[in-house]
Every structure is written in C-alpha cells, then in structure tokens.
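Please look over the sequence and the model below before reading on. The paragraphs after them are written for someone meeting this structure for the first time.

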Amino acid sequence: MKRTLARVVLPVLLSVTAFAQTGNAAPAAAAAPTTTASATGNKVGIINIQQAILLTNEGKRDLEALDKKFETPRTNLQNLQKEVADMQNQLKTQGDKLNDEARAKLAKDIEAKQKTLQRQLEDAQGDYQQQQGELVNRIGGKIMEVLDKYAKEHGYSVIVDVSNPQSPVLWASASTDVTQDIASAYNASSGVAAPASATPSAPRPSGAITRPPSSATTGAKTTPKK
C-alpha cells in the first residue's frame with residue numbers, strides 16, 4: 001500500500017485546491033453507494049483521493065490551519081505587489097515629467113522591487129507546498145489503510161483513483177463511487193471532530209499564495225528582467 005500511495009497521493013500536491021473549487025473532471029456520486037459485505041467478490045469501484053482528503057475532518061482542520069498560518073505572508077506579498085503597481089503607475093503617468101536621472105532611478109527601483117516580490121513569492125509557495133505535501137501524505141497514508149479494509153469487507157477486487165485528470169476512467173456509475181464512504185470510515189476511525197466552520201471547499205492549499213496578476217507589471221516603460 002505504501003508504494004501505491006506514492007503514485008496516488010503525490011499528484012494531489014498542486015491540484016487539491018483546484019478540485020475543491022471546481023469539483024475536478026472526475027465522476028461524482030449523486031448519493032452514497034450502497035454496498036454489501038462479501039468475503040470474496042469482483043466488484044469494481046472508484047475513489048477520488050483528493051476529495052476524500054478534503055472530506056475528512058482531519059483534512060479540513062489541518063488544511064484550514066495551514067491556510068491560516070500563511071495569511072501574514074500572503075498579506076505581505078499583496079502589499080508588496082501593490083507597491084510595485086503604484087510605482088509602475090507613477091512611471092507611466094509622470095515619467096515624461098521626470099528628468100532622465102529620476103526616471104532611470106524609478107525604473108531601476110521598480111525592477112529591484114519586482115525581483116524581491118518574485119523571490120518572496122517563490123519562497124512562500126515552496127514552503128507552503130512542502131508543508132501541504134507532508135500533510136497530504138500523512139492523511140493519504142491513513143486513508144489507504146481505511147481503503148484496504150473497506151475493499152476487503154465489501155468485496156471489491158479493484159478500486160480506481162479518478163482524481164487525476166489523466167485517469168483512464170471515461171465513465172463510471174455514481175453507485176461505484178466510494179469516496180464519501182471512505183471519508184466517513186476515516187472520520188469514524190480517526191476520532192477527529194468536524195471543524196465548526198469548515199466545508200469540503202474551505203481549504204485552499206495551493207491558493208494561499210498566488211502569483212501576481214499581469215496587471216502588476218502593465219504600464220512600465222522599462223522591461224523588467226525575469
């Protein structure tokens with residue numbers, strides 16, 4: 001199960017937020033599937049591991065806490081981005097009123113500030129994604145244990161992960177989706193209470209720190225180095 005986890009859970013790192021916001025392209029169950037315990041069986045099921053993590057009380061709690069932890073870095077980056085935009089607007093609107101030396105200095109200051117912004121952005125994103133990865137793999141590993149037990153108890157021979165957009169599954173009946181069942185079983189075994197205000201879409205792992213929009217560099221009369 002550990003070797004399977006590496007292939008299944010690692011792709012979650014950069015896409016779990018997108019799934020929470022869009023629902024991903026994977027089939028979604030209209031209702032929880034009804035299963036019957038069987039010593040042996042040949043049933044096939046599907047699971048969206050990304051959604052399962054978001055549906056667990058532990059996942060909601062820890063992802064929400066991680067997002068909150070990065071509120072200050074995110075605010076600092078937004079403020080720095082605004083400084084860059086304001087300086088660029090100044091160069092655009094007042095550049096023709098400045099002498100060559102003042103205009104060159106302002107352009108140089110903008111370039112330096114942009115480099116600082118880019119460096120801090122990359123550092124924050126890297127730190128966030130590392131902590132997110134540790135969190136996802138920790139919960140994902142325990143989900144795999146729950147999945148293994150569930151599959152054996154309910155007579156499944158195969159359960160396919162459909163969280164990856166490249167999943168070979170083109171269509172599946174809603175009754176084969178065991179995502180909610182696995183999340184519920186996980187919650188029952190973990191003993192973690194549901195966060196008071198959390199919803200499945202509350203966590204925003206990859207969206208805590210966002211790359212500055214193109215408007216932040218629009219209007220500069222000099223081309224900043226990348």
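What follows goes through a nonpolar core, a helix and the aromatic pairs.

This is a predicted model, in which local features need pLDDT of at least 70 and side-chain atom pairs count only at pLDDT 80 or more, while totals for chains, interfaces and linings use all residues. Residues are numbered from 1 along each chain as its sequence is written, and side-chain values use heavy atoms, with hydrogens and water left out.

The largest nonpolar core has 19 residues, and those that touch the most other members are I47, I53, I139, I143, V178 and I182; such a core is a set of buried Ala, Val, Leu, Ile, Met, Phe, Trp, Tyr and Cys residues joined through side-chain atoms within 4.5 Å, where buried means under 20% relative accessible area with a 1.4 Å probe, protein chains only. Helix α6 (100-153) is one of the elements that give two or more residues to this core, and α6 supplies the largest share, 9 residues; helices are DSSP runs (H or I, at least four residues), numbered from the N terminus.

Helix α5, residues 71-94, has buried residues that include L77, L80, V84 and L91, and its buried residues pack against α4 (57-69) and α6.

The structure holds 2 aromatic pairs, meaning rings of Phe, Tyr and Trp (its six-membered ring) with centres within 6.5 Å, counted as stacked under 30 degrees between planes, edge-to-face over 60 and tilted for the rest. F70 and Y128 are edge-to-face, 4.7 Å centre to centre with 75 degrees between the planes, and F70 lies in the loop between α4 and α5, 58 residues apart from Y128 in helix α6.

How values were computed:
Buried means under 20% relative accessible area, exposed over 50%, partly exposed in between (1.4 Å probe, protein chains only). Contact means heavy atoms within 4.5 Å.
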